[in-house]
Amino acid sequence: MTIFKKIIDHEIPADIVYEDDVCLAFRDIAPQAPVHILVIPRKEISAVDALSEEDAPLVGHIFMVIQKLAVSEGLENGFRVITNNGMMAGQTVPHLHFHLMGGRPFGWPPG
């Protein structure tokens, strides 16, 4: 069981900013920007490469939630959405998640 599953099950505390029957969003405990929210599906999917065609509506829903969160967090000047896939990309929790980050300028490429 991952730490994200424990957050979904409310077994450990998190600063939850959004929750519905498909996904959950909470503030990152080690933020890399003034706004740093993780959006995760309730369905246990390990990473992007574990998605199936049946997961397309779930991913679409998550991006609509990200859009709503960006508005509610006042990120009208832009924001970044990051998903890491696998250890080489920096994925540390084997549960699909999207980082919504904003409130500061970002460079490219990310480090």
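Predicted model: local features only at pLDDT ≥ 70, side-chain atom pairs only at ≥ 80, totals over all residues.
Which exposed residues does the face of H2 turned away from its buried side carry?

1. Start with the length of helix H2. H2 spans residues 56-72. The helix has 17 residues and reaches 25 Å from its first C-alpha to its last. That is close to the 24 Å expected at 1.5 Å a residue.

2. Now look at the sides of H2. Leu58, Ile62, Val65, Ile66, Leu69 and Ala70 are buried. These residues cover an arc of only 140° around the axis, so they sit on the same side of H2. An α-helix has 3.6 residues a turn, so residues three or four places apart point the same way. The face turned away from the buried side answers the opening question: Pro57, Lys68 and Val71 are the exposed residues there.

3. Next, the aromatic rings. A pair of aromatic rings is described by the distance of the centres and the angle of the planes. The structure holds two aromatic pairs. Phe4 and Phe26 make an edge-to-face pair, 5.7 Å centre to centre, with 70° between the planes. Phe4 belongs to helix H1 (residues 3-8) and Phe26 to strand E2 (residues 23-27), so the pair ties together parts that are 22 residues apart in sequence. Both Phe4 and Phe26 are buried.

4. Phe63 lies in helix H2 and Phe98 in strand E5 (residues 98-102). The two are 35 residues apart, and the pair links distant parts of the chain.

5. Phe98 has a relative accessible area of 5%, so Phe98 is buried, the cut-off being under 20%. Phe63 has 37%, so Phe63 counts as partly exposed.

6. Together with Phe79 and Val81, Phe63 makes a nonpolar surface patch of about 240 Å². Phe79 is found in strand E4 (residues 79-82). Phe79 is partly exposed, with a relative accessible area of 39%.

7. Last, a loop residue. Ala14 lies in the loop between H1 and strand E1 (16-19). At 31% relative accessibility, Ala14 counts as partly exposed. Ala14 and Val59 are 45 residues apart along the chain, and their C-alpha atoms are separated by 22 Å.

Notes. Residues numbered from 1 in each chain as written. Heavy atoms only, no water. Phe/Tyr/Trp six-rings, centres within 6.5 Å; stacked < 30°, edge-to-face > 60°. Helix = DSSP H or I, 4+ residues; strand = E, 2+ residues; numbered from the N terminus. Buried < 20%, exposed > 50% of the residue type's maximum accessible area, 1.4 Å probe, protein only. Patch = residues over 30% accessible without salt bridge, like charges linked within 9 Å, V, L, I, M, F, W, Y side chains within 5 Å. Areas by Shrake-Rupley, 256 points an atom, 1.4 Å probe, with all protein chains shown as cover. Salt bridge = Lys/Arg side-chain N within 4 Å of Asp/Glu carboxyl O. Expected span 1.5 Å × (residues − 1). Arc of directions from axis to C-beta.
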